[in-house]
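Thanks for coming. I will take the whole chain, then two residues in it.

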Amino acid sequence: MFHSRVLGALTGAAMALGMTGAASAAELRYAHVGAEGDIQTIFAAQAAEGIGSATNGEVTVTVYPASQLGGVAEMVDGVRMGSISLGHHDFASLARLVPEVAVFNAPFIYRDGAHALAATDPATSPALQAINEKLVAQGVRIIGRIYRGDRQISANFPVKSPADLAGKPFRAVPLELWVSMVKGFGAIPTPVEVAELPTALMTGVVVGQENPLTMIAANNLNEVQSHIAMTGHMRAVLAVFVNEDVWQGLTEEQRTAITKVLDDEAKKSLQMAQEGEAKLVEELKGRGMTIITEADGLDIAAFREKVNAQIAQDFPNFTPLIEQIAAIQ
């Protein structure tokens, strides 16, 4: 739980005398579900270190990775209630609070990684700022983002078009947007928490899943999957969100320092994802996986058409937001 306390007797005396500018110390619990080696895990560790340095030790961050404080729903609830100070996950994980926030994870919505970061910048994106106001009313604020890489489809058989997934159980992140997208894939959406995913794939509860290559490699999904279809259907951008009371309990200087660190780390995450994808393709080939691209007959246009039609049907209120996001340069 977040703690804000007076630093020693001198600080207490200064406050008692009505003096301003006294430093306040804060201890933040930062939770996420990412596995060791994933970009999001590296991001959290570097952000924690950077925040401590940028605030001269006034704000300390302890990171709890790999679902240590619960799955996605538990983490979001923890941040909303304040038992967890901040966390990160897909924007759509906050849709239980404000449904429209899921638009930032919509498939086939961003031109490239740079566009994804611009559209999800809390300081400059009009679309995100409008939604953030609604989130704040629910006790949560988005203060940063992570570029995790393009999401690709993996399965234990070749996937080249939605027809290849028709009627098959396919892992969906337990969020409405993912369920809709997997329907667009032609598959049967089957919610599975990330911690249970390798077992679900191994036992055949689901025959496939979709994630960035970083996650596929970090979780050794090559042991239970044979093929990757390079659909790039989502530019995977995660929201970094904080409990609003925790945020307001920090000084303006601390908040400014934290957002600067998170923005710098977001740009690093984009660079890391872009540089890492080509290496990961070769690494996963070396682990025995078959990579399927458009040159091999992958029909990305068919996926785009069917997924966009399903999203438009299930989320008609996304249309104006998608247009607003498309206009961001």
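The protein has 12 helices and 10 strands, where helices (H or I, at least four residues) and strands (E, at least two) are DSSP runs numbered from the N terminus. This is a predicted model, so local features need pLDDT of at least 70 and side-chain atom pairs count only at pLDDT 80 or more, while totals for chains, interfaces and linings use all residues. Residues are numbered from 1 along each chain as its sequence is written, and side-chain values use heavy atoms, with hydrogens and water left out.

On confidence: pLDDT is the predictor's confidence in each residue, from 0 to 100. The average for the protein is 91, and 93% of the residues score at least 70. Over residues 1–22, pLDDT stays under 50. For that stretch the model has 27 contacts beyond four places in sequence, a contact being heavy atoms within 4.5 Å.

Next, dimensions. Along the principal axes, the C-alpha atoms fill a box of roughly 75 × 40 × 30 Å.

Of the 329 residues, 54% are buried; that means under 20% relative accessible area, with exposed over 50% and partly exposed in between (1.4 Å probe, protein chains only). Among contacts between residues at least 6 apart in sequence, 73% join residues at least 24 apart.

Is Ala266 buried or exposed? Its relative accessibility is 0%, so Ala266 counts as buried. Leaving aside neighbours within four places in sequence, Ala266 contacts Phe43, Leu117 and Arg145. Ala266 and Arg145 are 121 residues apart along the chain, yet their C-alpha atoms are separated by 5.9 Å.

The second residue is Arg151, in strand β5 (residues 140–155). Arg151 counts as buried because its relative accessibility is 1%. What does Arg151 touch, not counting residues up to four places away in sequence? The list includes Asp90, Glu210, Trp178 and His233, and also the run Asn211 and Pro212. Thr231, Gly232, Met234 and Ala236 are among the contacts of Arg151 too, as is Val173. From Arg151 to Glu294, 143 residues away in sequence, the C-alpha to C-alpha distance is 15 Å.
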